[in-house]
Amino acid sequence: MSASRMLERLRAVDWDMRWDLAFERCGSRQVLMWEYLRRAAVWAKACGAEEAWPFYDVTAYLEPGFALAPAQAAGLEELQRTVVWGELRKTCAGAVRLAGLGERTPEVVAGLPDLYEPLVLFYERGGSFSRDCSGVFVDLVGVMCRPGKLAGYLGSRPVDVLDDTVLDALEGEGRITYRQDEHGAGPLFRSRVQGEDLRVDEVLGPDLRWEPVDLPAGAAGLAAVDHLEAARRIGRMA
């Protein structure tokens, strides 16, 4: 992706927060943040940026003297004045500058995952994140996450497919639990609990839409699937 196109995408983000979207898309935003943290760990390890992880501009480590074209640099500076948190400004700069560096020197980004794409999708699906008062947790709006340590992400299996169909399938009201055969065979089920009494059981159809279902006999014996593994399995179905 070009630096100009990345800049356009980030300019279109509602940085003042779409609270409704952030809550509605809590499931996908949680997965996107995790996948960004994983990719950021891989890149940090590869280019000696471990101390800067997790929210950083990787081009400072890849090519310290790199500069965007004047028009792109001016556009990035204007964008950065519209976002509040320093970590947001760093990652916006990183996304635009890495795209520009990749245009100029494609071999620099070869063999590594697209670093900022999950985070840009996160921004597009509901706006920014913030830190809690302790600075330890990241508030994604609707859920808190603790990044933990960089080493914990290295070697983790990626969530490869991040298109809208897969991300939309991760959404739903209520507390969600997933179940499927332990080998990933057969249909993927989920249960959504809303309030104290209302439970909705659903199965993921071939069009990646959830449909109401009466759970089959023996469903209680299906293996529990966490949110990340559900995202991977939905991606394989896509």
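## Helices H1 and H5

In this predicted model, H1 and H5 are roughly parallel to each other, where angles under 35 degrees count as roughly parallel, over 145 as roughly antiparallel, 65 to 115 as roughly perpendicular and the rest as oblique. The axes of helix H1 (residues 3–11) and helix H5 (residues 70–80) cross at roughly 20 degrees and come within 11 Å. Axes here are lines fitted to C-alpha atoms, for helices over the stretch in contact, with angles running from 0 to 180 degrees between N-to-C directions. The helices (H or I, at least four residues) and strands (E, at least two) are DSSP runs, numbered from the N terminus. The crossing of H1 and H5 is left-handed; that term applies if the near helix is turned anticlockwise from the far one by less than a right angle, and right-handed applies if clockwise.

On the H1 side, Ala-3, Ser-4, Leu-7, Leu-10 and Arg-11 take part, meeting Gln-72, Gly-75, Leu-76, Glu-78 and Leu-79 in H5. Sorted by class, this contact of H1 with H5 has 5 nonpolar, 3 polar and 2 charged residues. Contact means heavy atoms within 4.5 Å, and the classes put Ala, Val, Leu, Ile, Met, Phe, Trp, Tyr, Cys and Pro under nonpolar, Asp, Glu, Lys and Arg under charged, and the others, Gly among them, under polar.

## How the model was read

Residues are numbered from 1 along each chain as its sequence is written. Because this is a predicted model, local features need pLDDT of at least 70 and side-chain atom pairs count only at pLDDT 80 or more, while totals for chains, interfaces and linings use all residues; side-chain values use heavy atoms, with hydrogens and water left out.

## Helices H1 and H6

H1 also packs against H6: the two axes come within 8 Å and cross at roughly 160 degrees. That makes H1 roughly antiparallel to H6, and the crossing of H1 and H6 is right-handed.

From H1, the residues Ala-3, Met-6, Leu-7 and Leu-10 meet Cys-92, Ala-95, Val-96, Ala-99, Gly-100 and Glu-103 in H6. By class, the contact of H1 with H6 has 8 nonpolar, 1 polar and 1 charged residues.

## The covered helix H7

Helix H7 (residues 117–124) is mostly covered, with 7 of its 8 residues buried. Buried means under 20% relative accessible area, exposed means over 50%, and partly exposed lies in between (1.4 Å probe, protein chains only). The buried residues of H7 are Glu-117, Pro-118, Leu-119, Val-120, Leu-121, Phe-122 and Tyr-123.

What covers these buried residues includes H1, H3, helix H6 (86–104) and H8. After H7 comes Gly-126, whose phi is positive, near 150 degrees.

## The sheet E1-E2-E3

Further along, an open sheet of 3 strands has the order E1-E2-E3, with antiparallel pairing. Its edge strands, each pairing on one side only, are strand E1 (130–131) and strand E3 (144–145). Two strands pair if DSSP finds at least two bridges between them.

Strand E2 (residues 138–139) pairs with E3 in the antiparallel sense over 2 bridges. Asp-139 has Met-144 in E3 as its bridge partner.

## Strands E4, E5 and E6

E4 and strand E5 (residues 189–194) run antiparallel and are joined by 5 bridges. The bridge partner of Arg-175 in E5 is Val-193. E5 in turn is joined to strand E6 (residues 198–204) by 6 bridges, and these two also run antiparallel; here Ser-191 stands opposite Asp-201 in E6. E5 and E6 form a hairpin with 3 residues between them, and Gly-195 in the turn has a positive phi of about 65 degrees.

Gly-174 lies in the loop between helix H8 (164–169) and strand E4 (175–180). Gly-174 is partly exposed, with a relative accessible area of 43%. Leaving aside residues up to four places away in sequence, Gly-174 touches Val-193 and Gln-194. The C-alpha atoms of Gly-174 and Leu-198 are separated by 9.3 Å, with the two residues 24 apart along the chain.

## Backbone details in two loops

The peptide bond from Trp-53 to Pro-54 is cis, with omega near 15 degrees. Pro-54 lies in the loop between helix H3 (26–47) and helix H4 (59–62).

Leu-208 has a positive phi of about 60 degrees although it is not a glycine. This residue, Leu-208, lies in the loop between E6 and strand E7 (210–212). With 9% relative accessibility, Leu-208 counts as buried.
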